[in-house]
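Hi,

Here is the structure I promised to pass on. Have a look, and my notes on the salt bridges follow below.

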Amino acid sequence: MTSVRIPINLRWGDLDAYGHVNNATVMRLLEEARTRGFWRRSDDAEESGIFPPLDADSPIWSVVSEMQIRYLRQIDYQTAPIMVEMTVSRVAGASLDIDYQMFSGDDDRPLVTARSTIVTVDRSTGRPCRLPAQMRDALRRFAPS
């Protein structure tokens, strides 16, 4: 199983009144990591994603159908990036699960664990459709054997 590790910088505005990263910000950080890790923004080789973008003009869209987040420790502001590690825990006909662990600096204890279920849908009908074979094969590189 291969994981994808994406560094994400915090912003001062990510803090809440208690001085730690707000729970809604954690969702945004996970979204940013998922987008950077799995969906390229361009054909530029410098981009980290493994798939071309599934954007508004694509015949297939990817949508989050479920999100689970477990907050394990408070996330304080830091200038070093937060590291988000992702693996694919399940690949099915029209969906996949991505598991996340969020880390701070060199600390190997996760701050957050999460799972998102992504469903591919046909743009014209809005109904679930099978993952393209090329995408399914690529995703399995990140899944447990």
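Which residue does arginine 115 form a salt bridge with? The partner is aspartate 99, and their closest N and O atoms are 2.5 Å apart. By salt bridge I mean a side-chain nitrogen of Lys or Arg within 4 Å of a carboxyl oxygen of Asp or Glu. This pair links distant parts of the chain, with arginine 115 in strand E5 and aspartate 99 in strand E4, 16 residues apart. Aspartate 99 is buried at 18% relative accessible area, while arginine 115 is partly exposed at 33% (buried is under 20%, exposed over 50%, partly exposed in between, with a 1.4 Å probe and protein chains only).

Before you go further: this is a predicted model, so local features need pLDDT of at least 70 and side-chain atom pairs 80 or more, while totals for chains, interfaces and linings use all residues. Numbering runs from 1 along each chain as its sequence is written, and side-chain values use heavy atoms, leaving out hydrogens and water.

In total there are 8 salt bridges. Another one joins arginine 73 to aspartate 107, with the closest N and O atoms 3.3 Å apart. Arginine 73 sits in the loop between strands E2 (60-71) and E3 (82-91), and aspartate 107 in the loop between E4 (95-104) and E5 (112-122), so the pair ties together parts 34 residues apart in sequence. (Helices, H or I, at least four residues, and strands, E, at least two, are DSSP runs numbered from the N terminus.)

Within helix H1 (residues 23-38), arginine 36 and glutamate 32 lie 4 residues apart, about one turn. Their closest N and O atoms are 3.0 Å apart.

Cheers
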